[in-house]
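Biologist: I would like to learn how to read a few features of a model. Please give me the general idea each time, then the case at hand.

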Amino acid sequence: MNNKLEKFDITNKTALITGAAGLLGTKHAEALLEIGAEVILTDLCINNLNEARDKLITAGYSKEKIVCYSMDVTTEKSIVEVAKDLQSIGKTVHILINNAAINPTTSSIESNVRTTRLENFSIDRWNIELSVGLTGAFLCSKVFGTIMAKNGAGVILNISSDLSVIAPDQRLYQQKNLSEELQAVKPITYSVIKTGMIGLTRYLASYWPSKGVRSNALSPGGVYIDQDDEFVNKINELIPVGRMAEPDEYKSAIQFLCSDASVYMNGQNLVIDGGRSII
């Protein structure tokens, strides 16, 4: 690697990514493979993980640098089992990306009731979404961060959202000719989880610095994945650059945050949202 970019080189480092079978999880893997890392892809469904791995291999990344594990981030036992298995085969996690989350629907209707609205939001849904998106990040940080601290170095990156610093604009989801109680909304759990990830980041950043472990967060804005035109037009009007992000446009930020290029950055939230949150 060019000497000017040597701080981005993470050859001989291993990165574990949760929620790796999803769109951005796979892109995080691409980003780290590009700068030399071995990646451990984790998610609930092994079949989805294998599909993600195959896509990465088809794209030209070495199959020798991609490992898949079924892991339930809501269960400490599952995380510990993966950690122990990795240890048994001589693999050390140097980088943890807490990416797992339930992508919340805005439009659920049951028995003519919009279940995403606050007044109808169930405690069961609250519990499961927080258990994946926030408790899962805590548990993975606890297990793998402890290992990093014992080894004297490590990076924890929490994937948050621009909704960690701004409130959701519910007008984006409104539809004509629907009463208020049936209007779709961004669920409360999304804002709570993504804001909580920033608190977790700051706590971790101040907990293990003497052990060489640092923690930061990345807060992406909306990613364009063929959403309907009405929604896209509405959100584009709120973004100073006039468009949503492409899936590849966060890869360089991942490379920066997970490498020594950001070695003096700790406890920060990097917001990349086309400027939406500044207005």
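Biologist: How many cavities of 30 Å³ or more are there by your rule?

Modeller: Rolling a probe the size of a water molecule over the atoms shows where empty space is left. On a 1 Å grid over the protein atoms alone, a cavity is a set of points where a 1.4 Å probe fits but cannot get out. Grid points are joined across faces, edges and corners, and a volume is the space filled by probe spheres set on the points. Here the count is one cavity of 30 Å³ or more. The largest cavity holds about 50 Å³ of space.

Biologist: What should I know about the model itself?

Modeller: It is a predicted model: local features need pLDDT of at least 70, side-chain atom pairs count only at pLDDT 80 or more, and totals for chains, interfaces and linings use all residues. Residues are numbered from 1 along each chain as its sequence is written, and side-chain values use heavy atoms, with hydrogens and water left out.

Biologist: Which residues line the largest cavity?

Modeller: Lining residues have an atom within 4 Å of a point. They are Ala 101, Ile 102, Pro 104, Glu 129, Thr 189, Tyr 190, Ile 193 and Lys 194. H5 gives the largest share, four residues. Helices are DSSP runs of H or I with at least four residues, strands are runs of E with at least two, and both are numbered from the N terminus. By class, the lining has five nonpolar, one polar and two charged residues. Ala, Val, Leu, Ile, Met, Phe, Trp, Tyr, Cys and Pro count as nonpolar, Asp, Glu, Lys and Arg as charged, and the others, Gly among them, as polar.

Biologist: How many salt bridges does the structure hold?

Modeller: Side chains of opposite charge can pair when their charged atoms come close. The rule is a side-chain nitrogen of Lys or Arg within 4 Å of a carboxyl oxygen of Asp or Glu. The structure holds 13 salt bridges. Lys 27, Glu 30, Glu 34, Asp 248 and Lys 251 are linked in a network of them.

Biologist: Which parts does the pair of Glu 30 and Lys 251 tie together?

Modeller: In this salt bridge the closest N and O atoms are 2.9 Å apart. Glu 30 lies in helix H1 (residues 23–34) and Lys 251 in helix H7 (residues 251–258), so the pair ties together parts 221 residues apart in sequence. Lys 251 also bridges to Glu 34, with the closest N and O atoms 2.7 Å apart. That pair again links H1 and H7, across 217 residues.

Biologist: Is Glu 30 buried or exposed?

Modeller: Buried means under 20% relative accessible area, exposed over 50%, and partly exposed in between (1.4 Å probe, protein chains only). Glu 30 counts as buried because its relative accessibility is 12%. Lys 251 is buried too, at 10%. Glu 34, at 41%, is partly exposed.

Biologist: Which residues have a positive phi although they are not glycine?

Modeller: Asn 12 is one, with a phi of about 75°. Asn 12 sits in the segment before strand E1 (14–17). At 70% relative accessibility, Asn 12 is exposed. Asp 226 is another, with a phi of about 65°. Asp 226 is found in the loop between strand E8 (213–220) and helix H6 (229–236). Its relative accessible area is 66%, so Asp 226 is exposed.

Terms used: On a 1 Å grid over the protein atoms alone, a cavity is a set of points where a 1.4 Å probe fits but cannot get out, and a pocket is an open set with protein on both sides within 12 Å along at least five of seven lines; lining residues have an atom within 4 Å of a point.
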